[in-house]
Amino acid sequence: TLDDWMSILQNPEKMSFWIDFKNLSRENANAALDVFDLITKKYNIHDNCFIESQDIETLKIVKERNYFTILWVENLHYWKKRQLKDTIFVMNKIRSQIEELQPDAISCEYTMFPLLCDTFPEQNIHFWDTPKDYTPENVEFTKKLCENESVKVVLVDYPTADIF
């Protein structure tokens, strides 16, 4: 369980947590957050948790519960693969979501770099780039992501954090 996992961490109150609740919805958000509140209080990590979702209404509930929010935005390549929309449509959709929610950060797969950073330089941006092989080329790309001022977190699954 999450509680079991937290119990083995040394000093969790000194860490930050990017929480990707799967299937979090308006219907179950309060019940899920009631349980999550117990864990965050037990480990004194409430102010260290960033909860991610793509559902604006769900994230509004998360915000009301005083958690940091991360708006998960769709990958442009996903939209194009489905031949649904163009780049301007997708960026405008993301812009309207940001305006409505005012999230603490936005997140997306690394393939939206540098488009997200260039389009929304005022946003804190979290990228994930997993799975990722630990190669010199990949490490260089990760470093490039981290050099952008808007990028606050890059989630990779390298065997070591000692790349910088």
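1. L2, W5 and I8 make a nonpolar surface patch of about 320 Å². W5 lies in helix α1 (residues 2–7) and is partly exposed because its relative accessibility is 45%, where buried means under 20%, exposed over 50% and partly exposed in between (1.4 Å probe, protein chains only). Patches take residues with over 30% relative accessible area and no salt bridge, nonpolar side chains (Val, Leu, Ile, Met, Phe, Trp, Tyr) being joined within 5 Å and like charges within 9 Å.

2. This is a predicted model, in which local features need pLDDT of at least 70 and side-chain atom pairs pLDDT 80 or more, while totals for chains, interfaces and linings use all residues. Residues are numbered from 1 along each chain as its sequence is written, and side-chain values use heavy atoms, without hydrogens and water.

3. Nine salt bridges are counted, each with a side-chain nitrogen of Lys or Arg within 4 Å of a carboxyl oxygen of Asp or Glu. K60 takes part in a salt bridge with E57 (3.2 Å, N to O); both residues lie in helix α3 (residues 56–64), three residues apart.

4. K60 also forms a salt bridge with E100, with the closest N and O atoms 2.8 Å apart. Since E100 belongs to helix α5 (residues 87–101) and K60 to helix α3, the pair ties together parts that are 40 residues apart in sequence. E100 is partly exposed, at 45% relative accessible area, and K60 is partly exposed at 27%.

5. K132 and D129 meet through their side chains in a salt bridge (3.0 Å, N to O). K132 is buried at 14% relative accessibility, and D129 is buried at 2%.

6. A network of salt bridges links D34, D37 and R65.

Key:
Areas by Shrake-Rupley, 256 points an atom, 1.4 Å probe, with all protein chains shown as cover. Helix = DSSP H or I, 4+ residues; strand = E, 2+ residues; numbered from the N terminus.
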